[in-house]
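Please look at the sequence and the model first.

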Protein chains: 2
Amino acid sequence: MSTKKIINNPDDVVSEMMEGFILANEKYVTKHPEVNGVISKNPRKGKVALVIGGGSGHEPMFAGFVGKGLADAAACGNIFASPDPNTIYETASEVNDGKGVLFVYGNYAGDNLNFDMGEEFLNDEGIPTAHVRVMDDVASAPRSRAFDRRGIAGDVFVVKIAGAACDAGLSLEEAAGVTQKASGNIRSIGIATEPGQIPGLDKPIFELGENEIEYGMGLHGEPGVKRTEMQPADELVTVLYNHIIPDFDLRAGDEVCVLVNSLGSTTMIEMSIVYRKLRELLDRDGIKVYDSDLNHYCTSQEMGGFSITLFKLDEELKKYYDAPCYCPYYAKEGK
Amino acid sequence: MSTKKIINNPDDVVSEMMEGFILANEKYVTKHPEVNGVISKNPRKGKVALVIGGGSGHEPMFAGFVGKGLADAAACGNIFASPDPNTIYETASEVNDGKGVLFVYGNYAGDNLNFDMGEEFLNDEGIPTAHVRVMDDVASAPRSRAFDRRGIAGDVFVVKIAGAACDAGLSLEEAAGVTQKASGNIRSIGIATEPGQIPGLDKPIFELGENEIEYGMGLHGEPGVKRTEMQPADELVTVLYNHIIPDFDLRAGDEVCVLVNSLGSTTMIEMSIVYRKLRELLDRDGIKVYDSDLNHYCTSQEMGGFSITLFKLDEELKKYYDAPCYCPYYAKEGK
């Protein structure tokens with residue numbers, strides 16, 4: 001947790017961040033002239049537009065996932081706050097190319113409300129829309145209330161599949177269907193070791209004791225499932241694995257993509273050690289790893305900790321997963 | 001700075017990290033059977049082999065820069081410690097394909113000594129070698145003693161150019177020449193706001209007061225040029241810019257690539273705000289930005305702070321910069 005944020009006036013954090021991010025990535029994206037919408041410069045024409053979005057503060061998600069074979073635009077809110085309906089509407093209008101708009105975002109009350117309103121504005125103009133809410137965090141609600149679950153790093157895989165499905169020329173209904181299937185096949189759970197801090201605020205997002213960790217804590221400090229003393233990495237991973245697997249009906253022979261996502265300050269060394277144990281458990285259970293990724297994709301400022309995401313594949317999902325994509329923060333060569 | 005490192009036995013950190021990293025990236029890399037060498041699975045044949053390396057703890061540099069159009073292998077040391085000569089020799093032997101080996105590494109006494117010995121072992125077997133030492137940190141020695149300067153995030157651009165030059169089929173001498181030119185055209189300087197911590201050690205790498213920062217501090221806590229109170233981002237960037245520019249003979253009309261590199265816990269929001277001011281200064285001075293990048297490439301665990309790197313291009317360097325490359329941590333589409 002850092003009190004020394006590299007910012008200017010705290011009130012200008014999001015506008016200055018948007019300005020700098022767009023300038024740094026000007027080969028790939030431009031900013032909507034009026035709202036905080038990040039727009040792809042080179043969208044494929046004549047396809048369903050994929051629009052993602054949510055609160056800022058989780059970079060590179062969402063703005064960093066606009067690109068070829070990925071999102072056509074991202075509607076960005078203030079830090080940890082949903083973009084407003086007008087931002088969503090204006091951003092989507094900019095990239096709609098006559099085939100409708102598919103929205104992908106995390107399942108949070110504010111996002112749900114605002115994206116629904118943004119969709120209504122579009123529908124009022126005759127633009128068809130659909131949405132898929134990411135709800136991968138198994139710690140955030142029991143399986144019987146899966147529709148109350150929060151979206152965390154599973155966003156990455158959902159955006160990947162949605163981007164490829166839109167890129168392949170699927171109809172809005174078809175693209176939404178594939179994306180919904182992907183979303184339903186994804187489970188995540190995280191662990192928090194240290195809080196992050198919102199630029200301009202004096203206090204960390206949450207508090208943890210000196211040697212305390214919390215299983216299942218959300219990206220905004222939402223309560224998890226258990227606080228304990230710090231444990232060795234292998235023990236942490238085993239506990240998380242044992243939370244995910246029963247939720248999932250994974251069987252020996254199933255194939256998954258794996259993401260170990262740092263929440264901010266957790267390092268590649270630590271992610272690698274986490275992956276080592278995770279792979280041992282997957283191998284033990286006969287679950288095949290189709291691809292894997294260790295990265296900082298969905299963060300909460302400099303929060304310490306990580307999440308594990310498993311994405312169960314079938315032949316159709318593999319096809320979209322294997323499609324090439326490119327943006328500076330997420331690139332796949334394709335098969 | 002986190003005391004809650006996600007590790008098992010501290011003595012096993014590097015071996016478990018290597019194991020997990022290789023497994024997670026098994027599509028792209030394999031491990032040398034005997035030493036901590038990360039070897040590309042798909043090297044282009046019949047070209048000069050590019051071998052990079054250095055101490056661990058700066059991930060994704062170096063292991064994360066093995067890939068297509070990038071390094072063929074990375075020799076990895078313990079945390080903040082050079083790989084030993086045998087590791088360098090064995091790793092290079094594995095990827096030598098009859099055209100010789102080009103080494104790129106940071107200019108540190110231990111690395112220089114060990115890489116020189118590794119080269120001697122190869123030369124004794126008749127394998128020709130060359131090396132380029134990265135010495136981009138303008139804060140680490142005055143211009144008159146530029147050969148004493150440390151290598152920091154400038155590594156990224158040097159590896160990019162060296163990888164492309166080897167990939168293009170240049171001879172060892174030619175590839176080393178282009179790479180040396182690139183290295184000579186790169187200047188960096190950083191700022192530290194918070195220390196990182198080596199896994200298994202009780203104390204942070206260095207100490208800073210509650211509201212204190214240090215300009216020019218090295219990646220291992222080496223002394224910088226000045227400690228002050230924390231400043232607004234625009235002020236920090238201006239001071240850094242004014243350190244780099246006089247060292248560099250940049251003129252209006254020159255073209256540069258820009259890298260803002262987080263040292264660990266500094267966020268994309270902060271990097272974007274840094275870039276915004278940096279771009280304003282470059283624009284003011286008529287220095288054109290050819291490309292830019294905000295990322296965590298060369299870290300020091302969860303250290304707070306960032307570095308700015310400027311890479312002056314000419315037509316030859318642009319050609320190699322524009323060549324496509326791919327690894328999970330650094331991908332360019334090419335032109």
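Chain B and chain A of this predicted model bury about 5,600 Å² between them, and carbon and sulfur atoms give 58% of that area. Buried area here is the accessible area, taken with a 1.4 Å probe, that two parts lose on being put together, summed over both. In chain B, the residues that lose the most area to chain A are Lys4(B), Ile6(B) and Ile269(B), together 16% of what that side buries. Counted by contact, meaning heavy atoms within 4.5 Å, 65 residues of chain B meet 65 residues of chain A.

As for the basis of these values, this is a predicted model in which local features need pLDDT of at least 70 and side-chain atom pairs count only at pLDDT 80 or more, while totals for chains, interfaces and linings use all residues. Residues are numbered from 1 along each chain as its sequence is written, chains are lettered from A and ligands numbered from 1 in the order in which they are written, and side-chain values use heavy atoms, with hydrogens and water left out.

How is chain B placed relative to chain A? A rotation of 180 degrees with 0.0 Å of shift along its axis superposes chain B on chain A, with an RMSD of 0.0 Å. The two copies are therefore related as by a two-fold rotation axis. In chain B, the C-alpha of Ser265(B) is nearest the axis, 2.3 Å from it. Both copies use the same surface, since 100% of the contact residues of chain B recur in chain A.

The interface also holds polar pairs. Between chain B and chain A, 30 residue pairs are in polar contact, both residues being at pLDDT 80 or more. A polar contact is a pair of N or O atoms within 3.5 Å; within protein, one must be able to donate a hydrogen and the other to accept it, and residues adjacent in sequence count only if both atoms are side-chain atoms. On the side of chain B that touches chain A, α7(B) gives the most, with 9 residues. Helices (H or I, at least four residues) and strands (E, at least two) are DSSP runs, numbered from the N terminus.

A salt bridge is a side-chain nitrogen of Lys or Arg within 4 Å of a carboxyl oxygen of Asp or Glu. The rule finds 54 salt bridges over all chains, and 10 across the interface of chain B and chain A. Some of them are listed here.

| Salt bridge | Closest N to O |
|---|---|
| Lys47(A) and Asp72(A) | 2.5 Å |
| Glu333(B) and Lys68(A) | 3.1 Å |
| Arg276(A) and Glu16(B) | 3.8 Å |

Arg276(A) lies in helix α7 of chain A and Glu16(B) in helix α1 of chain B, so this pair joins two chains. Both Arg276(A) and Glu16(B) are buried, where buried means under 20% relative accessible area, exposed over 50% and partly exposed in between (1.4 Å probe, protein chains only). Lys47(A) and Asp72(A) are buried too. Glu280(A) and Lys277(A) both lie in helix α7 of chain A, 3 residues apart. Glu280(A) is partly exposed at 41% relative accessibility, whereas Lys277(A) is buried at 13%. Glu16(A), Glu19(A), Asp234(B) and Arg276(B) are linked in a network of salt bridges.

Key. Copies are superposed by least squares on the C-alpha atoms of residues with pLDDT of at least 70 in both.
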